[in-house]
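Visitor: Could you take me through one part of this model slowly, namely the salt bridges, and then show me what lies in the core?

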Amino acid sequence: MSNTETEGVRVIVKAAFWPERSSPDNNQWAFTYAVTVKNEGTRAATLRARHWVITDANGRVEEVRGEGVVGKQPRLEGGDSFEYTSWAMLRTPFGTMRGEYLMERIDGSRFEAKIGEFVLTQPNALN
């Protein structure tokens, strides 16, 4: 789990192994992650873009960039939150993810809301 706050925007991520979409015999481990983006401040902010850094157990890094999240660019007034679920595929049974969301204020100023690193792991993979 990850729980990070930047300029009043809190990002909480909870990850889980997705056995139905995984195929260990083919070096494919799938993970879901549920994200909550909450504006704990008083100034509105719009989520414009995402940047993820996904690292597997072999140190292989994949970066994912794109507009918004799940096809949306949610505007969060003070106290508002937005939740979505997505997924990632690794070639190893464990790894990590981290990143940031590009947020934009009404006045056009921008900042990066950090997404703290969290672990993706198949149950018992580290035993």
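**Salt bridges and the core**

Guide: In this predicted model, a network of salt bridges links Arg 48, Glu 104 and Arg 110, and by the rule applied here the count of salt bridges comes to 8. One of the pairs joins the side chains of Arg 43 and Asp 107, with 3.6 Å from N to O. This pair links distant parts of the chain, since Arg 43 sits in the loop between E3 and E4 while Asp 107 sits in the loop between E8 and E9, 64 residues apart. Arg 43 is partly exposed, with a relative accessible area of 44%, whereas Asp 107, at 58%, is exposed, because the exposed class begins over 50%.

Two other pairs can be followed in the same way. Glu 77 forms a salt bridge with Arg 75, their closest N and O atoms lying 2.8 Å apart; Glu 77 is partly exposed at 34% relative accessibility, and Arg 75 is partly exposed at 46%. Lys 114 pairs with Glu 112, where the closest N and O atoms are 3.3 Å apart, and here Lys 114 is partly exposed at 37%, as is Glu 112 at 40%.

Turning to the core, the largest nonpolar core has 26 residues, and those with the most contacts inside it are Trp 52 and Tyr 101. Strands E2, E3, E4, E7, E8 and E9 each give two or more residues to this core. Leaving aside residues up to four places away in sequence, Trp 52 touches a set of residues that includes Tyr 33, Tyr 84, Met 97, Tyr 101, Ile 115 and Phe 118, and Glu 62 and Glu 63 are also among them.

Technical notes: Residues are numbered from 1 along each chain as its sequence is written. This is a predicted model: local features need pLDDT of at least 70, side-chain atom pairs count only at pLDDT 80 or more; totals for chains, interfaces and linings use all residues. Side-chain values use heavy atoms; hydrogens and water are left out. A nonpolar core is a set of buried Ala, Val, Leu, Ile, Met, Phe, Trp, Tyr and Cys residues joined through side-chain atoms within 4.5 Å. Buried means under 20% relative accessible area, exposed over 50%, partly exposed in between (1.4 Å probe, protein chains only). Helices (H or I, at least four residues) and strands (E, at least two) are DSSP runs, numbered from the N terminus. Contact means heavy atoms within 4.5 Å. A salt bridge is a side-chain nitrogen of Lys or Arg within 4 Å of a carboxyl oxygen of Asp or Glu.
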